[in-house]
Amino acid sequence: GPAEPEQFCKAANIDSFVWNKLSVCNKICYAVGGAPYQITGCALGFFLQIYLLDVAQLDPFYASIILFVGRAWDAVTDPTVGFLVSRSPWTRFGRMLPWVVLSTPLAVLSYFLIWFVPPFEEGKVIWYLFFYCIFQTLQTCFHVPYSALTMFISSEQKERDSATAYRMTVEVLGTVLGTAIQGQIVGMATAPCLPGPADIAAGLNSSLSVGLNASAPKTAYMIASGVICIIYVLCAIVLFFGVREKKGETSEPMGFFQGIKLVMGHGPYAKLVMVFLFTSLGFMLLEGNFALFCSSTLGFRNDFQNILLAIMLSATLAIPFWQWFLTRFGKKTAVCAGSLSVVPFMILVVCMKSNLIITYIVSFAAGVGVAAAFLLPWSMLPDVVDDFQVQNPDSTGHEALFYSFYVFFTKFASGVSLGISTLSLDFAGYISRGCSQPEEVAITLKVLVSAAPIGLILIGLVILYWYPITEERRQGNRKLLQELRDEADSETDSTELVNMI
């Protein structure tokens, strides 16, 4: 049974750390499970807006509704799924892993249908909204249990931190893979631009219109989504067969709103969530609008996918540096330094004149900060859960709730950013597939990829200043938790001895 390894360790006088130590293979298999969320999230974040506007040719107002409602619905499902997961019974495969496996088939099907242009105009908005919401719900059923699984792969904080480092690396590789697959396949079949009133007035109608088959972009998006669906399934299989979930504490039954009050009532968690909310909102504004900024404002219509790939490659290469920085200076300092490091490049990219080489250089440099700002806050969450367990030793088994609300605010930020930005483009007069855009669109995009993200990041960092869990407190919590576990083990041994007598 699940308790047998611990009993074996005691009988053989083996240190529990030896049993809880994860192999490199275990860590890699666990980390691979984080790739689907990042691959699909990156593809949707960078390309869904431009796909709805230029390929599906939806009105910007309707596109903003799809993006906002879809992500808002997704955000609502996170605490709901977290609540359900926390009350799920233990099975022989664990409590988290069955959710991952059962949600995968329908998730990949709904993801594929998001990138399919239906052969009708009436009801097209409903089509995209429906499958977008369905996919987000099913992906939540995958990602919330996977995130909470961190607390069940080992009881040792050092091993969990190491596994999280592997996960961070694979997740950044996932963003590279998502950008590369979606960008390169779609980039080979760019949608033909349509001359606007200003272009026609200037007599540039024939020179601007591209003679590419209009159906080619639709096919390219479907091929890219099919490849990503295959990767999604393979990652789920590797996670399921490569990770053993260790049985944790069982939470006492409680209502949904009682669970909300429980996790949000923990001060460090509430502060960390607010930090993540504002910094995520800033970076997701940048992510959601950078492709349009490169293609419409900078004029790199045929190169924007390569610029995005440069950012993601840089972020991948920066992971070892940030892992060293984190261990050397602490998690709080690493998040602050990583978030601030990208600000100068946000300013530079909108102030400089359109130059492809300089844009590549600036984008590559910005990727170093993007890696830290997106991924390092996740490494702080296990510390908050441990802090809660130290302060509430009698309230256990709520890991899924903590992770689900964390994901909730991430997706809420994404929904708000995509909805506001697309609606702003509508007010600015964005022309779908336009060869050129009004000046108001250029100004709006500059605000969305520079001024607004910088302001939000700075607000998040001000809140981070008051985040109370320092490295000293983290180490103290770790020692206290180990003492609590040793005490619980001693009580268990005494009970077993009495029963034997």
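# A tour of cavities, a pocket and a surface patch

Seven cavities of 30 Å³ or more turn up in a search of the whole structure. A cavity is a set of points, on a 1 Å grid over the protein atoms alone, where a 1.4 Å probe fits but cannot get out. The model is predicted: local features need pLDDT of at least 70 and side-chain atom pairs pLDDT 80 or more, while totals for chains, interfaces and linings use all residues. Numbering runs from 1 along each chain as its sequence is written, and side-chain values use heavy atoms, without hydrogens and water.

**Second largest cavity.** Select Leu 286, Phe 290, Ile 311, Ala 366 and Val 370, which lie nearest its centre among 17 lining residues; lining residues have an atom within 4 Å of a point. Two or more residues each come from α13 (267–297), α14, α16 (343–351) and α17 (356–391). The largest share is from α17, with five residues. The volume is about 180 Å³, taken as the space filled by probe spheres set on the points.

**Second largest pocket.** Next select Asp 161, Gln 323, Leu 326, Thr 327 and Lys 331, the closest to the centre of this pocket among its 13 lining residues. The pocket holds about 200 Å³ of space. A pocket is an open set with protein on both sides within 12 Å along at least five of seven lines. Helices α8 (157–187), α14 (304–329) and α20 (471–500) each supply at least two lining residues, and α8 gives the most, six.

**Along α8.** Show Arg 167 and Glu 171, which form a salt bridge with the closest N and O atoms 2.8 Å apart. The two are separated by about one helical turn because they are four residues apart in helix α8. The whole structure has eight salt bridges (a side-chain nitrogen of Lys or Arg within 4 Å of a carboxyl oxygen of Asp or Glu).

**Surface.** Select Ile 230, Leu 234, Ile 237 and Phe 241, a nonpolar surface patch with about 450 Å² of accessible area together. Patch residues have over 30% relative accessible area and no salt bridge, with nonpolar side chains joined within 5 Å; areas come from the Shrake-Rupley method with a 1.4 Å probe. Leu 234 sits in helix α11 (residues 216–242); helices are DSSP runs (H or I) of at least four residues.

**Confidence.** Finally, colour by pLDDT, the predictor's confidence in each residue, from 0 to 100. The chain mean is 80. Helix α6 (residues 97–114) has the highest mean, 94, and helix α1 (residues 4–11) the lowest, 44. Over residues 1–19 pLDDT stays under 50. Residues 206–212 are also below 50. Where pLDDT is low, the predicted coordinates should not be read in detail.

Technical notes. Patches are made of residues with over 30% relative accessible area and no salt bridge: like charges are joined within 9 Å, nonpolar side chains (Val, Leu, Ile, Met, Phe, Trp, Tyr) within 5 Å. Contact means heavy atoms within 4.5 Å.
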